[in-house]
Amino acid sequence: MKRVVHAACPHDCPDACGVLITIEDGRATRIQGDPEHPVTRGFLCAKVAKYLDRVYSPGRVLYPMRRVAPKGPCGAGAPAREVFQRISWDEALDEITHRLRRIVAEYGCESILPYSYGGTLGALNGASMDRRFFHRLGASQLERSICSTAGEEGLKSVIGIKLGTEPEQFAHARYIIAWGSNIHGNNVHLWPFIEEARRKGAKLVVIDPYRTRTAKCADWHLPIHPGTDAALALGLMHVIINENLFDADYVSRYTVGLEDLKARAQQYPPEEVAHWTGISADDIRKLAREYATERPSVIRVNYGIQRSERGGMSMRAVTMLPCLIGSWKELGGGLQLSLSGSYGLNREALEMPELMQKALGRPARIVNMVQLGSVLNSAIVPKIVPKMVPPIQALFVYNSNPAAVCPNHNEVVRGLMRPDLFTVVHEQFFTDTTDYADIVLPATTFFEHKDLQTAYGHYYLQVSNQAMDPVGECRSNVEMFRALAERMGFEDDCFRETVDSMIDRALDSPNPWLKGITRDRLERERHIRLNFAGNEDAATNHVGTDAFVRPAERSSEGTAAPFLPFAQGNFPTPSGKAEFYSETLKHQGLDPVVAFTPPDESRHGSRSKAAGFPLELLARKPDNHLNSSFANLPSVRKMEPWIGDLEMHPTDAEARGVRNGDRIRAFNSRGEIVLRARVDGAVPPGVVAARLDWARFSPGGGNINVLTSEKLTDMGNAATFYSVSVEVELFRA
Ligand SMILES: Nc1nc2c(c(=O)[nH]1)N[C@H]1C(S)=C(S)[C@@H](COP(=O)(O)OP(=O)(O)OC[C@H]3O[C@@H](n4cnc5c(=O)[nH]c(N)nc54)[C@H](O)[C@@H]3O)O[C@H]1N2
Ligand SMILES: Nc1nc2c(c(=O)[nH]1)N[C@H]1C(S)=C(S)[C@@H](COP(=O)(O)OP(=O)(O)OC[C@H]3O[C@@H](n4cnc5c(=O)[nH]c(N)nc54)[C@H](O)[C@@H]3O)O[C@H]1N2
Ligand code: SF4
Ligand SMILES: [Mo]
């Protein structure tokens with residue numbers, strides 16, 4: 001029998017595609033993008049188009065496994081029987097509960113640390129039963145800041161909420177800036193809207209130190225020095241203010257702090273900014289004038305600029321631009337970072353933080369995920385983090401591959417090697433992290449479980465249906481934590497709640513934009529746009545928002561009325577206005593306006609050159625994998641020939657006697673890695689770039705994160721993958 005099931009791609013990607021899966025006799029035989037989804041428009045990215053290879057990969061973890069050999073890398077491919085032995089779910093659950101109970105008795109419940117991130121962004125399998133379980137257990141809480149929190153804090157410090165320009169509106173823009181945003185690689189469903197705008201004469205500008213495919217296709221590429229975006233934004237504001245190109249009416253009605261900003265911007269004349277950014281003063285003036293006058297103009301800023309030591313302030317500065325020129329008023333204007341603030345699901349009902357009260361009588365301590373290496377080793381030599389009391393004795397990993405994605409890889413591995421650390425990994429594959437697991441549990445893919453799917457790059461909510469039975473003995477995160485809770489003897493009703501009931505409760509939220517959206521409708525209609533239109537009164541009650549909805553105007557597709565959240569201000573900040581001056585930041589001891597400070601690990605930083613590490617490393621994402629996901633699938637890996645390369649500028653290569661194709665050693669105080677030099681013009685002088693891969697595929701057994709740092713950003717305690725100083729030399733074996 002043949003049937004087609006609607007699902008939604010849950011990978012950590014802004015696009016959250018609508019997916020159609022063909023099932024024949026219980027087996028998935030085809031995957032395609034939903035042609036009716038207004039943003040997916042019938043196509044998938046190259047990696048997910050090959051998803052059958054993932055679901056039916058011979059590398060899948062199919063059964064619970066127990067380690068029977070010492071911890072450590074066991075090479076590429078599925079581990080041998082001498083390393084892991086198959087056990088039953090009953091045995092696995094018994095062993096885990098037994099070990100966790102013993103650890104709790106000896107060290108206290110906060111010595112257990114959950115570790116999860118973006119394996120699936122499904123509302124349930126991302127964060128629901130797992131959170132309930134760890135809250136009830138009284139485990140340490142994880143600060144999930146490896147990706148986006150600096151940018152989020154920067155954005156919210158100006159406009160108060162994660163909202164912005166919807167992708168469909170990019171088709172109406174005349175001037176588009178992709179700022180630290182690799183649209184072709186990481187957000188490909190925005191591209192057709194940009195192409196539509198360009199066919200109508202729009203100009204695309206890319207601000208990125210790396211010549212991405214997006215940059216190659218652009219009308220103008222400005223290779224900026226890494227970490228200097230706040231300086232550029234301030235330089236642009238200098239020109240816009242001094243040449244009177246700002247929207248005085250919008251600014252006076254809907255913003256606070258113009259005088260402070262004016263004074264600050266005076267300190268950033270284009271000539272000065274040129275020194276910091278490497279972009280000429282003439283180009284800065286030209287960009288400022290074009291951005292302010294070629295209307296509508298829109299900025300797609302992505303997370304690239306905030307993986308830098310002062311990434312929060314960089315994002316804050318860029319977010320001020322559309323407020324200054326009033327482009328929020330225009331169809332096809334404004335800015336997009338993340339749109340996820342619009343969904344407002346009832347997360348409290350899903351996660352139940354009140355269960356911590358039951359376990360501890362207080363909220364559990366918070367441990368930052370970026371500093372996993374130091375956290376696990378703090379009992380040995382407290383360095384970056386203070387000594388952990390109690391120490392972490394159990395690590396429960398799901399939805400993440402920390403032995404690949406976490407910075408300061410050598411320190412992470414040292415921690416994971418601890419014989420006294422009990423590590424459980426719930427996974428679809430034998431990854432770098434399962435190399436250090438005591439117990440591995442088999443996890444479903446989105447083909448094999450049901451979920452509710454939001455997005456951070458569009459405004460359509462979806463139910464992702466289960467298309468087929470789980471392969472092997474795989475269980476979803478929800479079902480695995482449900483079983484574990486039962487085995488731990490947690491009797492609370494919440495651990496027996498069905499998936500459908502959890503979806504219903506997630507939708508039962510005070511957010512008026514969810515009004516009228518039910519599970520039943522989602523199952524029938526596949527995707528539903530958030531209820532902005534016709535819900536204006538309700539919108540003013542949105543959790544902390546006063547967003548405004550413009551009455552029925554038709555977009556190019558003639559479907560939905562466009563959403564202009566800040567056309568009439570309504571910024572959900574403490575002042576109710578866009579904040580060029582922020583009292584909140586002042587109270588946090590941060591600059592209430594915005595300023596540029598160069599990253600310590602950068603060409604302008606005080607320490608980098610002196611320490612002998614003069615090059616700036618971009619430890620980038622692969623265009624065709626998703627962070628560490630997909631790197632193990634041969635058909636997908638083939639699409640990423642840059643893996644294993646260090647991209648260098650000819651000047652830097654020549655100065656070190658390095659030629660294209662030579663083996664080089666890249667190093668700094670944290671580690672070293674051997675890569676192949678690729679001298680192909682992708683990076684400007686002073687910058688080198690490499691892509692994230694699994695550590696086990698690298699000859700030295702470590703990936704590019706051996707060089708990255710656990711230093712946290714100025715705002716949001718986020719990771720600084722793009723503020724890394726290194727040196728490079730020819731490798732002599
Ligand atoms: N194919 C693919 N898609 C993905 C992912 C993936 O790994 N592969 N990852 C997903 C995830 S988790 C996320 S968070 C999103 C992220 O998507 P993006 O936000 O686009 O993330 P990045 O690729 O980190 O950064 C974007 C660009 O910023 C540039 N950049 C680096 N430093 C600076 C700087 O200081 N200033 C400026 N102006 N630019 C800078 C980088 O060179 C890069 O080209 O993508 C998601 N989509
Ligand atoms: N050098 C460098 N490092 C980086 C980055 C970078 O740009 N450069 N990017 C950073 C960023 S932005 C991010 S978001 C992080 C991402 O870090 P992670 O969130 O750890 O991302 P992935 O590498 O995709 O690993 C997710 C893992 O979850 C598993 N998984 C998928 N679905 C499920 C499920 O339903 N259940 C369970 N139990 N497991 C599942 C997958 O098989 C995969 O191994 O990486 C960060 N690390
Ligand atoms: S990874 Fe992104 S682009 Fe690819 S199918 Fe999933 S949501 Fe769509
Ligand atoms: Mo991310």
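1. Let me begin with ligand 2: one of its oxygen atoms is 3.4 Å from a polar backbone atom of Leu 626. That falls under the polar-contact rule used here: a pair of N or O atoms within 3.5 Å, where within protein one must be able to donate a hydrogen and the other to accept it, and residues adjacent in sequence count only if both atoms are side-chain atoms. A nitrogen atom of ligand 2 is 2.7 Å from an N or O atom in the side chain of Asn 477, and a nitrogen atom is 2.8 Å from a polar backbone atom of Val 405. In total 33 residues surround ligand 2, with Glu 427, Asn 477, Ala 619, Ser 628 and Ser 629 the closest; a residue is near a molecule if one of its heavy atoms lies within 4 Å of it.

2. A word on conventions: this is a predicted model, in which local features need pLDDT of at least 70, side-chain atom pairs count only at pLDDT 80 or more, and totals for chains, interfaces and linings use all residues. Residues are numbered from 1 along each chain as its sequence is written, chains are lettered from A and ligands numbered from 1 in the order in which they are written, and side-chain values use heavy atoms, with hydrogens and water left out.

3. Ligand 1 also has 33 residues around it, and Asp 208, Tyr 303, Arg 620, His 625 and Tyr 722 come nearest. Polar side-chain atoms approach its oxygen atoms at 2.5 Å from Arg 620 and at 2.6 Å from Tyr 722. From the backbone, an N or O atom of Gly 304 lies 3.4 Å from an oxygen atom of ligand 1.

4. Asn 624 is in the loop between β22 (615-620) and α26 (634-637); helices (H or I, at least four residues) and strands (E, at least two) are DSSP runs, numbered from the N terminus. Its relative accessibility is 18%, so Asn 624 counts as buried, the scale being under 20% relative accessible area for buried, over 50% for exposed and partly exposed in between (1.4 Å probe, protein chains only). The side chain of Asn 624 reaches the backbone oxygen of Met 639 at 3.0 Å. Beyond four places in sequence, Asn 624 is in contact with Ala 46, Lys 47, Val 636, Met 639, Glu 640 and Trp 642, contact meaning heavy atoms within 4.5 Å.

5. Is Glu 448 buried or exposed? Glu 448 counts as buried because its relative accessibility is 2%. This residue lies in the loop between β17 (439-442) and β18 (451-453). Its side chain makes a polar contact with the side chain of Thr 445 at 2.5 Å and reaches the backbone nitrogen of Val 471 at 3.0 Å. Residues touching Glu 448, not counting those up to four places away in sequence, include Val 55, Arg 60 and Cys 474.

6. Phe 170, in the loop between α6 (149-159) and β8 (175-179), is at 0% relative accessibility and therefore buried. Its C-alpha atom is separated by 5.6 Å from that of Phe 193, 23 residues apart along the chain. Phe 193 is also among the residues that Phe 170 touches, as are Ile 176, Val 298 and Arg 300.

7. Helix α5 (residues 129-137) is mostly covered, with nine of its nine residues buried. Gly 138 follows α5 with a positive phi near 80 degrees.

8. Finally, some backbone geometry to look at. Cis peptide bonds join Arg 295 to Pro 296, with omega about -5 degrees, and Val 389 to Pro 390, with omega about -5 degrees. Asn 399 is not a glycine, yet has a positive phi of about 60 degrees; Asn 408, also a residue other than glycine, has a positive phi near 55 degrees.
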